[in-house]
Amino acid sequence: MALVGIIMGSTSDWETMRHAAETLDALHVAYETKVVSAHRTPQRLYDYATTAADRGLKVVIAGAGGAAHLPGMAASMTHLPVLGVPVESKALKGMDSLLSIVQMPGGIPVGTLAIGKPGAINAGLLAAAILATSDDALAERLKAWRAAQTDSVATDPA
């Protein structure tokens, strides 16, 4: 059963959001993926967000570019933690997406990550860390993943 929902505003966002999925795959965390546009499919967004907890999801990762309303709108319709990933846009290189996601009004929190691939990877890691607070086996996998990352860093530059 999926514990994390990965949603994005369009199919083109998958190039960024696949990195969240790959991170969750590496940690053996079950997830689902859906295209859910805040602007073009508002009923789909409503249905997805309002039923997420009942369907067993524990965290939602929402990636969006441009006006990037998806993470905030999803957060307004669920009590689950929502992690927003700003997708890089052509016009403003993702700064528009970042500012749209990070500037949520008090009372509707969205954990906002970095623009693009690094943000998607970190969203996967943060979702896993949230789940690991009540899953000891996942906590151990996350610790091992971080240790492997540390071990992969060379001590000498050449």
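**Exercise 1. Classify Glu 140 by accessibility and describe its salt bridge.**

Step 1. Glu 140 has 48% relative accessibility and counts as partly exposed. The classes are buried (under 20% relative accessible area), exposed (over 50%) and partly exposed (in between), with a 1.4 Å probe and protein chains only.

Step 2. This is a predicted model: local features need pLDDT of at least 70, side-chain atom pairs count only at pLDDT 80 or more, and totals for chains, interfaces and linings use all residues. Residues are numbered from 1 along each chain as its sequence is written, and side-chain values use heavy atoms, without hydrogens and water.

Step 3. Glu 140 pairs with Lys 143 in a salt bridge, with the closest N and O atoms 3.3 Å apart. A salt bridge needs a side-chain nitrogen of Lys or Arg within 4 Å of a carboxyl oxygen of Asp or Glu.

Step 4. Both residues sit in helix H6 (residues 136-151), three residues apart, about one turn of the helix. Helices (H or I, at least four residues) and strands (E, at least two) are DSSP runs, numbered from the N terminus. Lys 143 is exposed, at 52%.

**Exercise 2. Where in the chain do Glu 32 and Arg 55 lie?**

Step 1. Their salt bridge has its closest N and O atoms 2.8 Å apart.

Step 2. The pair links distant parts of the chain, 23 residues apart. Glu 32 belongs to strand S2 (residues 31-35), and Arg 55 to the loop between helix H2 (42-51) and strand S3 (59-65).

Step 3. Glu 32 is buried at 17% relative accessibility. Arg 55 is partly exposed at 31%.

**Exercise 3. What surrounds Asp 13?**

Step 1. Asp 13 lies in the loop between strand S1 (4-8) and helix H1 (14-26).

Step 2. Asp 13 is buried and has no salt bridge. The nearest side chain of opposite charge is Arg 40, 6.5 Å away. Here Lys and Arg count as positive, Asp and Glu as negative; His and the chain ends are not counted.

Step 3. Leaving aside neighbours within four places in sequence, Asp 13 is in contact (heavy atoms within 4.5 Å) with Met 8, Gly 63, Ala 64, Gly 65 and Val 87.

Step 4. Asp 13 is also among the residues nearest the centre of the largest pocket, with Gly 9, His 39, Ala 64 and Gly 65. The lining has 14 residues: five nonpolar, seven polar and two charged.

Note on methods
On a 1 Å grid over the protein atoms alone, a cavity is a set of points where a 1.4 Å probe fits but cannot get out, and a pocket is an open set with protein on both sides within 12 Å along at least five of seven lines; lining residues have an atom within 4 Å of a point. Ala, Val, Leu, Ile, Met, Phe, Trp, Tyr, Cys and Pro count as nonpolar, Asp, Glu, Lys and Arg as charged, and the others, Gly among them, as polar.
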